[in-house]
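Subject: Structure handover

Hello,

Here is the structure I said I would pass on. My notes follow it; please read them with the model open.

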Amino acid sequence: MADQIRALCSVITKFARADLESHLKNHDSGISSIEHGVLRHLSHGVTSMAEISRLMGVAPSTLVYVVDGLTKKKLVKRGKDPKDRRRGPLQLEKRGAELFARFSKMDAGSLLVRSLESMRESRRRELLALLNELLNGLNDSERLYLRARSEDIEGPISTSANGPSARTGKARR
C-alpha cells in the first residue's frame, strides 16, 4: 500500500509541477516552479537555506543557484547573521512578496483543480482530512511547519482572482 501511495503522490506532484510551470510561463512571471517554491517558503517565514533545501527536497548546492537567480532578480536578499558570519538568512524583498502573492494560488484551469472540482465536496474534504491524517506521521519540525501553514488549509477562505475556494463548494486553487 505504501508503494501505491508513493506512486500516486509522485504522479500528482508531476501534474501539479507541470501545471505550475505552465501557469508561471503563460503569465510571464519570470520565475520557475523551484523559484516559486523558495518564495513560498520565505513567505511562510522559513529563512534558512538549509531548511528550505530540506523542506523542498532539493540539494543545497542546487538551491544556491536558485537563490542567486532570485537575488539577481531582486526578489530575495541575503541577510547577515550577527552571531554567525557563515549564516546568511534569506529575506523576501517587497517585489518578491508581490510576485508570489500574484501566483500563490493554483490556476483554475490546472488539471489538479479540475480533477478536484469533478469530485463531490464531501469527497474533497474527506481526501484533505485523510492526507492531513497521513502527514501526522511526519517528524516534529515538518509538522510544525505544516501547522504554521494550516490557516492556508483550514482557515477562512476567500474568493481569489482564480475563483471560489473549496469552502464555497469549489476546489481551492
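Aspartate 28 is found in the loop between helix H1 (2-26) and H2, where helices (H or I, at least four residues) and strands (E, at least two) are DSSP runs, numbered from the N terminus. Its phi is positive, about 50 degrees, although aspartate 28 is not a glycine. Aspartate 28 is exposed, with a relative accessible area of 69%; buried means under 20% relative accessible area, exposed over 50%, and partly exposed in between (1.4 Å probe, protein chains only).

Before the rest, the basis of the numbers. This is a predicted model, in which local features need pLDDT of at least 70 and side-chain atom pairs count only at pLDDT 80 or more, while totals for chains, interfaces and linings use all residues. Residues are numbered from 1 along each chain as its sequence is written, and side-chain values use heavy atoms, with hydrogens and water left out.

Lysine 74 is another residue other than glycine with a positive phi, near 60 degrees. Lysine 74 lies in the loop between H4 and strand S1 (76-78) and counts as exposed at 56% relative accessibility.

On the chain as a whole: its secondary structure comes to 9 helices and 2 strands, and along the sequence the pattern reads α-α-α-α-β-β-α-α-α-α-α. Of its 173 residues, 26% count as buried. Contact means heavy atoms within 4.5 Å. Among contacts between residues at least 6 apart in sequence, 51% join residues at least 24 apart.

Next, the packing of H2. The axes of H2 and helix H4 (residues 60-72) come within 10 Å and cross at roughly 80 degrees. That makes H2 roughly perpendicular to H4. Axes here are lines fitted to C-alpha atoms, for helices over the stretch in contact, and angles run from 0 to 180 degrees between N-to-C directions. Angles under 35 degrees count as roughly parallel, over 145 as roughly antiparallel, 65 to 115 as roughly perpendicular and the rest as oblique. H2 contributes Ile34, Glu35, Val38 and Leu39 to the contact, and H4 contributes Thr62, Leu63, Val66, Gly69 and Leu70. By class, the contact of H2 with H4 has 6 nonpolar, 2 polar and 1 charged residues (Ala, Val, Leu, Ile, Met, Phe, Trp, Tyr, Cys and Pro count as nonpolar, Asp, Glu, Lys and Arg as charged, and the others, Gly among them, as polar).

Histidine 41 is also in helix H2. Histidine 41 is buried, with a relative accessible area of 3%. Its side chain makes a polar contact with the side chain of arginine 40 (3.5 Å). A polar contact is a pair of N or O atoms within 3.5 Å; within protein, one must be able to donate a hydrogen and the other to accept it, and residues adjacent in sequence count only if both atoms are side-chain atoms.

Now H5. The buried residues of helix H5 (residues 94-102) are Gly96, Leu99 and Phe100. They cover an arc of only 100 degrees around the axis, so they sit on the same side of H5; the arc is that of the directions from the helix axis to the C-beta atoms. What covers them includes helix H2 (33-43) and strand S2 (90-92). The face of H5 turned away from its buried side carries the exposed residues Lys94, Ala101 and Arg102.

Methionine 106 is in the loop between H5 and helix H6 (111-117) and counts as partly exposed at 26% relative accessibility. Methionine 106 and histidine 23 are 83 residues apart in sequence and 8.2 Å apart in space, C-alpha to C-alpha.

Regards
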